[in-house]
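Keep the viewer open as you read.

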There are 2 protein chains.
Amino acid sequence: MLKFNEKSLIPAIAQDADTGEVLMLGYMNEEALRRTLSSGEVWFYSRSRQELWHKGETSGSRIKVHSVWKDCDSDTILVKGKATGPVCHTGNKTCFFQQLTPSEVDEGSRQEA
Amino acid sequence: MLKFNEKSLIPAIAQDADTGEVLMLGYMNEEALRRTLSSGEVWFYSRSRQELWHKGETSGSRIKVHSVWKDCDSDTILVKGKATGPVCHTGNKTCFFQQLTPSEVDEGSRQEA
């Protein structure tokens, strides 16, 4: 059985089914997952807006589902699919378009101190 | 600046740098991320054991880091790398080896009811 977290959400990775590119990480509640499976398009639960979120409803960039996977301890979802446009709100194909540098992590701790 | 969650953790996707296969999702605290960047091997923070976790320390299946990315809103990490063995504790190459069926989600709700 799937394990949802204390907020009744489960993290869901969206991946391009052909290229393998990781597109984004979102969160699904049970209803979002059910709609993803039944509609063939990715639904998330928006933590900021606190509502179901049909990915691409506004932007037009939907993600068509090819297959849905769970991990070994049933607390993460992987959706392999094809996006109909740029997945990121910045216009990038993927949300992971920025490489992280060690200085960026150190900067974080200095600001905390 | 990176956004850690209310438990001071950030989800981190590990992906095979060559095949694009998604291997697992783990969680890093700031120290795990720093060690990942400085050592060139993936470190997580184990939520169950509540301690830093050098991935593969016990199993021998480490993940050698090729590059580290952050997403557009700086609250998810993507590590592209190469595992030295099966990443999953089940012996599978990836933790995502089971496909999810609609019946499994419905089963969850029936058990809740």
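In which strand is Lys70(B) found? Lys70(B) belongs to strand E5 (residues 63–70) of chain B, where helices (H or I, at least four residues) and strands (E, at least two) are DSSP runs numbered from the N terminus.

Before going on, a word on conventions. This is a predicted model, in which local features need pLDDT of at least 70 and side-chain atom pairs count only at pLDDT 80 or more, while totals for chains, interfaces and linings use all residues. Residues are numbered from 1 along each chain as its sequence is written, chains are lettered from A and ligands numbered from 1 in the order in which they are written, and side-chain values use heavy atoms, with hydrogens and water left out.

Back to Lys70(B). Lys70(B) counts as buried because its relative accessible area is 8%; buried means under 20% relative accessible area, exposed over 50%, and partly exposed in between, with a 1.4 Å probe and protein chains only. Who surrounds this lysine? Not counting residues up to four places away in sequence, Lys70(B) touches Cys95(A), Phe96(A), Phe97(A), Gln98(A), Leu100(A) and Glu104(A) from chain A, along with Leu2(B) and Thr76(B). Contact here means heavy atoms within 4.5 Å.

One of those neighbours brings us to the sheet. Gln98(A) stands opposite Lys70(B) in E5(B), and two bridges join E7(A) to E5(B) in an antiparallel arrangement. Two strands are said to pair if DSSP finds at least two bridges between them. The open sheet has five strands in the order E7(A)-E5(B)-E6(B)-E1(B)-E2(B), with mixed pairing. Strand E7 (98–99) of chain A and E2 of chain B stand at the edges with a single partner strand each, so one side of each has no neighbour in the sheet. Strands of a sheet pair through backbone hydrogen bonds, either parallel or antiparallel.

Within this sheet, E5(B) and E6(B) pair in the antiparallel sense over seven bridges. Val68(B) stands opposite Val79(B), and Ser67(B) has Lys80(B) as its bridge partner. E5(B) and E6(B) form a hairpin with six residues between them, and Ser74(B) in the turn has a positive phi of about 60°. Helix H1(B) lies across E2, E5 and E6 of chain B, running at about 130° to E2(B); axes are lines fitted to C-alpha atoms, for helices over the stretch in contact, and angles run from 0 to 180 degrees between N-to-C directions.

Now turn to the other sheet. Its five strands follow the order E2(A)-E1(A)-E6(A)-E5(A)-E7(B), and its pairing is also mixed. The edge strands are E2 (22–28) of chain A and E7 (98–99) of chain B, each pairing on one side only. Strand E1 (residues 10–16) of chain A runs parallel to strand E6 (residues 77–83) of chain A, joined by five bridges, and Ala14(A) has Val79(A) as its bridge partner.

What about the nonpolar interior? A nonpolar core is a set of buried Ala, Val, Leu, Ile, Met, Phe, Trp, Tyr and Cys residues joined through side-chain atoms within 4.5 Å. The largest one has 22 residues, and those with the most contacts inside it are Leu100(A), Leu2(B), Met28(B), Leu33(B) and Ile77(B). Apart from it lies another core of 21 residues, including Ala12(A), Met28(A), Ile77(A) and Val79(A). Leaving aside neighbours within four places in sequence, Ile77(B) is in contact with residues of both chains, among them Phe96(A), Leu100(A), Leu2(B) and Val68(B).

Finally, how are the two chains related? The same surface serves both copies, as 100% of the contact residues of chain B recur in chain A.
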